[in-house]
Amino acid sequence: MAFLPGLVLARRYHDEVVAPILRGRLPGLRYAAGLLDGGSELLGLDTARSTDHDWGPRVQVFVEPADVAAISRMRAVLDADLPTEFLGWPTRFAGDGRVGVADAAGTRHGVTVDEVAGWWRRRLGFDPLAGVGTADWLASPTQRLAEVTGGGVFHDGLDGALTARRAALRWYPPDVWRYVLAAVWTRIAQAEHLPGRCAEVGDEVGSRVVTGGIARDVLRLGLLLRRRWPPYDKWLGTAFARLPGAAPAVAALDEATGPGDWTRRQAGLVEALETMARWTDETSLAAPVRARAGPFHRRPFLVLRAERVAAALRAAVTDPTLRDRPLLGAVDQYVHSVDVLSDATRARRVADGLWSGAITDQW
């Protein structure tokens, strides 16, 4: 069976199967449809390898909050009328995530029906149509933002309500953007001298581990500077490499994380960080720093002194409440647990806890 990108498959499934069923069986029904709920296909990064689990025709259908009674009717109609396969793909999924045999016990089809505002609250912890505040932005992992603003909308018969929610999350407001960037640069500043120091005492493994952590921050930083939501780690390097002008930075990071000694590692990191500093200046979000690498105190290590870039960005933040906060950034800048970041309630609790007065007064 020839591979078909997941978004193409989903759009055709809606247009050729789901929409005709809903129009024929429930005429006059107002709904929206798309695919926003996760998966490599939402980022255009799926391949034939992706088809080994949870793969097949999928569509999300949304109704208005005032029309929740339609959910059960729509589910019943879809359960009864969806075909057993589409374009050669089974339309049912087994409970273990594999594509299942249609009508077998324990299988489910790939069309979900939800009330639109409730789905967004479950997915992100808030409804973006009601407005997106600073706390909302900082409690939202960028992988989630990449998913809901990526993917596709196949039909928006709710007066554009689905499209409007996606548009509200297209990118950070300027002050939040400055704050998040300053937080990345702060992380880099705290670690950029450590690869050389580890190597100096013979800890090559430690030097490589620290270098890898900085490289990850560089990848996320570059995507943020180019107004792209960083995906989770599986696709981070791929997404970065697709950025305009990223090739020299990719080569530098390849050198930094490659098999060479610590001096080559340092050279690669310096080149990548100087590139990110130029990209930061080009955003015009803050006064240009024109940062170049130099010695770390009297030690034989070159560093960018990344705290200078963080300070310039912080100084440009106009919201005094945000400017005076510790440079922790968004939740996925200080939390790396999948079990937290994939659960909107948990992520929100962590982020809100750090931002509540009872905790932040201690910083």
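This is a predicted model: local features need pLDDT of at least 70, side-chain atom pairs count only at pLDDT 80 or more; totals for chains, interfaces and linings use all residues.
**Exercise 1.** Which helix holds Thr-149, and is Thr-149 buried or exposed?

*Solution.* 
- Start with the secondary structure. Thr-149 lies in helix H5, which covers residues 142-149.
- Next, take the relative accessible area. For Thr-149 the value is 8%.
- Apply the cut-off. Buried means under 20%, so Thr-149 is buried.

**Exercise 2.** What does the side chain of Thr-149 reach, and with which residues beyond four places in sequence is Thr-149 in contact?

*Solution.* 
- The side chain of Thr-149 reaches the backbone oxygen of Leu-145, at 2.5 Å.
- Now set aside neighbours within four places in sequence. Thr-149 is then in contact with Arg-166, Leu-169, Arg-170 and Trp-229.

**Exercise 3.** How many helices and strands does the protein have, and what box do its C-alpha atoms fill?

*Solution.* 
- Count the elements: 18 helices and 11 strands.
- The C-alpha atoms fill a box of roughly 75 × 45 × 35 Å.

**Exercise 4.** What percentage of residues is buried, and what percentage of the accessible surface belongs to carbon and sulfur atoms?

*Solution.* 
- The protein has 363 residues, and 51% of them count as buried.
- The accessible surface comes to about 16,400 Å². Carbon and sulfur atoms account for 54% of that surface.
- Residues 24 or more positions apart make up 70% of them.

**Exercise 5.** How many side chains are positive and how many negative, and how far apart do the centres of the two sets lie?

*Solution.* 
- Count the charges: 45 positive and 43 negative side chains.

Note on methods. Residues are numbered from 1 along each chain as its sequence is written. Side-chain values use heavy atoms; hydrogens and water are left out. Helices (H or I, at least four residues) and strands (E, at least two) are DSSP runs, numbered from the N terminus. Buried means under 20% relative accessible area, exposed over 50%, partly exposed in between (1.4 Å probe, protein chains only). A polar contact is a pair of N or O atoms within 3.5 Å; within protein, one must be able to donate a hydrogen and the other to accept it, and residues adjacent in sequence count only if both atoms are side-chain atoms. Contact means heavy atoms within 4.5 Å. Accessible areas come from the Shrake-Rupley method with a 1.4 Å probe; for residues, only the protein chains shown count as cover. Lys and Arg count as positive and Asp and Glu as negative; His and the chain ends are not counted. The place of a charge is taken as NZ of Lys, CZ of Arg, CG of Asp or CD of Glu.
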